[in-house]
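Please look over the structure below before reading on. The paragraphs after it go through its parts in turn.

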Amino acid sequence: MKDGPNIARVASAIGEPARAEMLAALMSGQALTATELADVAGVTKPTASAHLTRLLDAALVAVEAQGRHRYFRLADDDVARLLESLMGVAWRSGAVRVRSSPREPALRRARVCYDHLAGDVGVGVLDAMLEKRLLRSSADTLSVTRDGRRFLAELGVDVETLAEQRRPLCRRCLDWSVRRHHLGGAVGAALLQRLLALGWARRAKDSRVVSFSPAGMAALRGHGLIA
């Protein structure tokens, strides 16, 4: 008898090209309708519905009904981490698109990884927080130091409230383009939302790209969040 989880079932659900495109689109953290996901994947709506049923059965996506519409999103941040890791393997092995998107350099610089900041800027923020001892690295875990809690509070991120969530406070997330870690978890998500709320950065429409204004980059440097 074979023991343990059946990874083949999950891998086959991800491995079909149209389903992979849908999952990649949901890495933006936004919930999308079946029609929107059909457009992304280049398939008909009935075909998209069949693919989404497969993804639901594999617990890779979740669905929420609102009026006449059903909105699909990634099931949780574990699925997002899995997809980001797969993107890293694909990038490293040369499994890249024949024709790169004009936005690809911007994606590598700063992008949303489900609900937190990734890319060069995201990796730089984690490096800076570790160097300033706002975060402590121990074995495979990250924790917020006393100085880190005070620093984040000054930015408007309440770590005490975040700690009440079931989600881990901090997680390393391997960045596919930099091949180093950026900051995930509840703190990573809250920090990105705060950067957007402060106007230092903004989300590009219909894209995972995060754009920082010159003033926003200056503010990051001023707070020691990037070199």
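The largest nonpolar core has 34 residues. A nonpolar core here is a set of buried Ala, Val, Leu, Ile, Met, Phe, Trp, Tyr and Cys residues joined through side-chain atoms within 4.5 Å, and buried means under 20% relative accessible area, with exposed over 50% and partly exposed in between (1.4 Å probe, protein chains only). Those with the most contacts inside the core are Leu 117, Val 121, Met 129, Leu 152, Leu 183, Phe 212 and Leu 220. The elements that contribute two or more residues are helices H7 (119-131), H8 (146-155), H9 (159-162), H10 (185-197) and H11 (214-222), together with strands E7 (141-144) and E11 (210-212). H10 gives the most, with 6 residues. Helices (H or I, at least four residues) and strands (E, at least two) are DSSP runs numbered from the N terminus. Setting aside neighbours within four places in sequence, Leu 220 is in contact with Val 121, Leu 195, Trp 200, Phe 212, Leu 225 and Ile 226, where contact means heavy atoms within 4.5 Å.

Apart from this core lies another, of 28 residues, among them Ile 14, Leu 37, Leu 55 and Phe 72. The model is predicted: local features need pLDDT of at least 70, side-chain atom pairs count only at pLDDT 80 or more, and totals for chains, interfaces and linings use all residues. Residues are numbered from 1 along each chain as its sequence is written, and side-chain values use heavy atoms, with hydrogens and water left out.

Leu 37 is in helix H3 and counts as buried because its relative accessibility is 0%. Not counting residues up to four places away in sequence, Leu 37 touches Met 22, Ala 25, Leu 26, Leu 32, Leu 52 and Phe 72.

How do H3 and its neighbour H4 pack? Two packed helices are described by the angle between their axes and the distance between the axes. The axes of H3 (residues 34-41) and H4 (residues 45-57) come within 9 Å and cross at roughly 100°. Axes are lines fitted to C-alpha atoms, for helices over the stretch in contact, and angles run from 0 to 180 degrees between N-to-C directions. H3 and H4 are therefore roughly perpendicular (65 to 115 degrees; under 35 is roughly parallel, over 145 roughly antiparallel, and the rest oblique). On the H3 side, Ala 34, Thr 35, Leu 37 and Ala 38 meet Lys 45, Ala 48 and Leu 52 of H4.

His 51 is in H4 and, at 11% relative accessibility, counts as buried. Beyond its neighbours within four places in sequence, His 51 is in contact with Glu 16, Ala 18, Arg 19 and Met 22.

Three strands form an open sheet in the order E1-E3-E2, with antiparallel pairing; two strands pair if DSSP finds at least two bridges between them. E1 (32-33) and E2 (61-66) stand at the edges with a single partner strand each, so one side of each has no neighbour in the sheet. E1 and E3 (residues 69-74) pair over 2 bridges, and Thr 33 stands opposite Tyr 71 in E3. Helix H2 (residues 17-26) packs on the sheet, touching E1, E2 and E3, and its direction makes about 85° with that of E3. H4 lies across E2 and E3, running at about 115° to E2.
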